[in-house]
Amino acid sequence: METVSPAQIADTLREEIAIITGREKNEVEPDKSLAENGINSLGFVELLLAVEKHFGIKLMENAMSNADISSVNALAAKIEKITRKN
Amino acid sequence: MSKYYFNGIDWIVQALNRQCRKTPSRNNGFVIALELEGAISENELQKFMERADDAAKLLTGKTARQKFHLAPYWKCSARKLSINVEFRKGSPDEDASLAAADFANRPFRGKREHLSVRLVSRGKDSLLLFKFDHLLFDGGGAELFLAALNDAAQFREPDCFSPQLSDWRDKFESGRNVNRFLRYINAEGKRKFFTFHPEQSAISTANRFRTLHIPAAQAKAFFAAGEEKLGPFMDTPFLLALVFGALAEPATGRGAQDNDFILLPATIDLRSRREHRNRIFFNHWSLAPFNLPIAAASHPDLVMQAMREQFIELVKSKFLTNLDKANLLMRIIPLPLFTKMSSKIFAGASGSCSFAFLPESGFKAKTFAGRKIRNLLHLPLIPPKPGIGIFINRYNEALNIVISFREEIISEAELENLLETLRKAFEPVSGI
């Protein structure tokens, strides 16, 4: 799979969060947590499905911690780490 | 705006409301109780409630049907708003759930009353009860309404759904998917679902509440354990697993077999989604059917995983949003017929116990009308079928667990056991 940088991943995540929560992309703050960006349990599953579609990885099957969702950038870093391993 | 066209969930609520017409409350409303520090006078409260005047045309509206399209809508009114604010002197140790039940069981004063308020003075503190009509509000919307009152904000008019029943193909497709999913859950009618129903349906009995308050520290520890087991944002499945486990004992006690199923119709708030974001008025939720055989209760870890998987599958299959869309078609069905249909789909044999979890979302303030809030509880009335529901809301990091039930449907001993099982799950050592 083509290598994608954490910045590119974060950009895609912001787009998807904007679609899910009905915000503008520039309203999604990369340094804030998913919850602060309006994501709840329903939105989180939708986001995981979007990640699967875009990056071909099943985040649900990878151990996720609080730190991984502490910000959009942290989640992007987690995704980048998994894609690199794969 | 003089007309607000209902979405499909609003129409389901109309049907549930109709099912409640022979009960003492005569409707399917809910109470939000605010426990406040300090006294508040009747006059001050009356004056405070004048902040709702902006929303008068909605608060004094009623259901109507468009003659040409048959689309049901909320007919706004130009009447002057007069919110019924009652004052009652209570005892200092008066129980909030008893006071709420007394208020919840009392019907509204006619078809145009959709909000009433009761202030119970408990000496040094106050219990403020708001009874909301589900036709106009859901739990999340009611919190946003209280937040707007508190902030003296202006009430925004709700966006209207089109009265045209357009995109039929898309809606039929959604309906077909919903139907397939429900048939799959029901295993083509072969599954037997546990219900609390007595032989004689006790539809005319009053609604009662029993509550359990879980302090913030215990609630935090509980959800941290849930996150450890199921990952982040899985609070709802974790709580569903707890409720499933707690219901297995009374089910078995009533003769249910290991291969009988417990079905938990859970309401899921859709306000995180673009089309429902920050909506105060009307209903913005969907219904998710979670179910497992009673035998699974002896394997709590498997129950948790199963609830998580079902939750993911419900989102993945677009069931929640399909139901939202497909329901728009149901609006054309006459209400008496729809009531019969919905009582088959959503209650009776197809539901053991209603469930809802409302995380801290709409109302975040720590004071109301200038008084410190000790607690905020949601106490929904439950329709005659399934006759019992477990509703959980989070306020100020603490949790309130409310069992809402038709009296006669569950015995005092069963209730005590149920509460004890739920209480134990939050004890620091045991977990669930």
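**Strands, domains and the chain contact**

Mentor: R208(B) has F405(B) as its bridge partner in β15(B). This is a predicted model, in which local features need pLDDT of at least 70, side-chain atom pairs count only at pLDDT 80 or more, and totals for chains, interfaces and linings use all residues. Residues are numbered from 1 along each chain as its sequence is written, while chains are lettered from A and ligands numbered from 1 in the order in which they are written.

Trainee: What about β14(B) and β15(B)?

Mentor: Strand β14 (residues 388–395) pairs with β15(B) over 8 bridges, also in the antiparallel sense. G389(B) stands opposite S404(B) in β15(B). The two strands form a hairpin with 2 residues between them, and N396(B) in the turn has a positive phi of about 55°.

Trainee: How many residues of β15(B) are buried?

Mentor: 8 of the 9 residues of β15 (398–406) are buried. A residue is buried if 20 or more other C-beta atoms lie within 10 Å of its own, with C-beta atoms placed from the backbone.

Trainee: Changing topic, what is the strand order in the open sheet of 6 strands?

Mentor: The order is β5-β6-β7-β2-β13-β12 of chain B, with mixed pairing. Its edge strands are β5 (84–89) and β12 (367–368), each pairing on one side only. β5(B) runs parallel to β6 (residues 115–122) with 6 bridges, and V85(B) has V117(B) as its bridge partner in β6(B).

Trainee: How is chain B divided into domains?

Mentor: Domain 1 covers 3–150 and domain 2 covers 168–370 + 381–425; the bounds come from an automatic or database domain assignment. In chain B, 48 residues of domain 1 are in contact with 42 residues of domain 2, contact meaning that C-beta atoms, placed from the backbone, lie within 7 Å. The largest share of the domain 1 side, 11 residues, comes from α1(B).

Trainee: Which residues have the most contacts inside the largest nonpolar core?

Mentor: They are A100(B), F244(B) and I262(B), in a core of 144 residues. Such a core is a set of buried Ala, Val, Leu, Ile, Met, Phe, Trp, Tyr and Cys residues joined through C-beta atoms within 7 Å. Helix α8 (residues 235–253) of chain B gives the largest share, 11 residues. Among the residues that I262(B) touches, leaving out those up to four places away in sequence, are F194(B), F244(B) and L247(B).

Trainee: And how many residues does each chain give to the contact between chains A and B?

Mentor: Chain A gives 16 residues and chain B gives 17. On the chain A side, α2(A) gives the most, with 7 residues.

Trainee: What do the buried residues of α2(A) pack against?

Mentor: They pack against α1 (6–21) and α3 (72–85) of chain A, together with α8, β9 (261–269) and α9 (300–316) of chain B. Among the buried residues of α2(A) are F44(A), L47(A) and V51(A). Just after α2(A), G56(A) takes a positive phi of about 65°.

Methods: Contact = placed C-beta atoms within 7 Å. Helix = DSSP H or I, 4+ residues; strand = E, 2+ residues; numbered from the N terminus. Buried ≥ 20, exposed ≤ 12 C-beta atoms within 10 Å, placed from the backbone. Pairing = 2+ DSSP bridges.
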